[in-house]
Amino acid sequence: FCNFIRWSHDGGKTWRDESRPKAWIYQASHKGKTHELSVSEGGLARADNGDIVAALRTDMPPRYLDEPHNDGLEGTAVSISKDDGKTWSALNPLFDAGRHHACLVKRRSGELVMTYVVRVNVLDGKFASQRRGMEALVSKDDGQTWNTDEVYVLDEFKYLDPNKWYDGKCGHVAAAALK
């Protein structure tokens with residue numbers, strides 16, 4: 001599991017206060033077996049209400065363990081801390097597979113913008129298309145809700161290895177709020 005968080009109090013020169021949020025460990029069942037899963041890479045942003053919002057990469061759903069797979073089938077979930085990172089809410093899954101590497105940015109309006117890659121276009125648990133690229137979501141309520149039906153496509157291209165439908169050719173993304 002790679003679900004540790006560390007804090008810097010000196011602009012990133014040193015890191016301490018390591019914790020492993022229990023809310024970031026979850027279970028999923030597949031074919032009668034329960035799997036313990038977790039989160040990894042993610043982004044943090046301080047919302048207007050003071051909460052810390054984390055957009056995190058979730059482990060690959062166990063349904064893909066029965067077939068060839070890779071980490072492109074991991075997903076994205078959100079967790080919120082109301083006490084400066086001491087405790088975290090349960091994970092709010094936005095995408096269970098194919099979309100991850102989230103970056104969070106707060107706009108001057110207070111809206112939170114999440115950008116992420118589309119490594120594999122999985123919708124409703126199934127391969128949907130060859131479309132790969134980068135998308136964005138917006139939260140207007142300090143990260144509490146994200147309308148996944150209102151996705152902003154920032155970049156897209158078609159890619160499909162006929163031998164590996166699950167293979168995605170996208171890397172990491174980052175976003176910045178400009179004046």
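Predicted model: local features only at pLDDT ≥ 70, side-chain atom pairs only at ≥ 80, totals over all residues.

Trainee: What makes the radius of gyration agree with a compact globule?
Mentor: For 179 residues, a compact globule would come out near 16 Å, and the protein has 17 Å, so the two agree. Along the principal axes, the C-alpha atoms fill a box of roughly 50 × 40 × 30 Å.

Trainee: What does the secondary structure of the protein come to?
Mentor: Zero helices and 14 strands.

Trainee: How many aromatic pairs does a search of the whole structure find?
Mentor: Two. Take Trp24 and Trp88: their ring centres are 5.0 Å apart, and the cut-off for a pair is 6.5 Å.

Trainee: Why is the pair of Trp24 and Trp88 called tilted?
Mentor: Their planes meet at 55°. Stacked needs under 30 degrees and edge-to-face needs over 60, so this pair is tilted.

Trainee: Which parts does the pair of Trp24 and Trp88 tie together?
Mentor: Trp24 is in the loop between strands S2 and S3, while Trp88 is in the loop between strands S7 and S8, so the pair links parts 64 residues apart in sequence. Both Trp24 and Trp88 are buried.

Trainee: What makes Phe95 and Tyr116 an aromatic pair, and of which kind?
Mentor: Their rings are 5.1 Å centre to centre with 45° between the planes, which is tilted again. Phe95 belongs to strand S8 and Tyr116 to strand S10, so this pair ties together parts 21 residues apart in sequence. Phe95 and Tyr116 are buried too.

Trainee: Which residue lies over the face of Phe95?
Mentor: Arg99 does, at 5.5 Å from the ring centre; the distance limit is 6 Å.

Trainee: Now Glu41 in strand S5. Is Glu41 buried, partly exposed or exposed?
Mentor: Its relative accessible area is 36%. Buried means under 20% and exposed means over 50%, so Glu41 is partly exposed.

Trainee: With which side chains does the side chain of Glu41 make a polar contact?
Mentor: With that of Arg57 at 2.7 Å and with that of His101 at 3.3 Å. The limit is 3.5 Å, so both distances qualify. Residues that Glu41 touches also include Ala55, Leu56 and His172.

How values were computed
Residues numbered from 1 in each chain as written. Heavy atoms only, no water. Phe/Tyr/Trp six-rings, centres within 6.5 Å; stacked < 30°, edge-to-face > 60°. Helix = DSSP H or I, 4+ residues; strand = E, 2+ residues; numbered from the N terminus. Buried < 20%, exposed > 50% of the residue type's maximum accessible area, 1.4 Å probe, protein only. Lys NZ or Arg CZ within 6 Å of the ring centre and 35° of its normal. Rg over C-alpha atoms; globule rule 2.2 N^0.38 Å. Contact = heavy atoms within 4.5 Å. Polar contact = N/O pair within 3.5 Å; in protein donor to acceptor, adjacent residues only side chain to side chain. Lists of a residue's contacts leave out its neighbours within four places in sequence.
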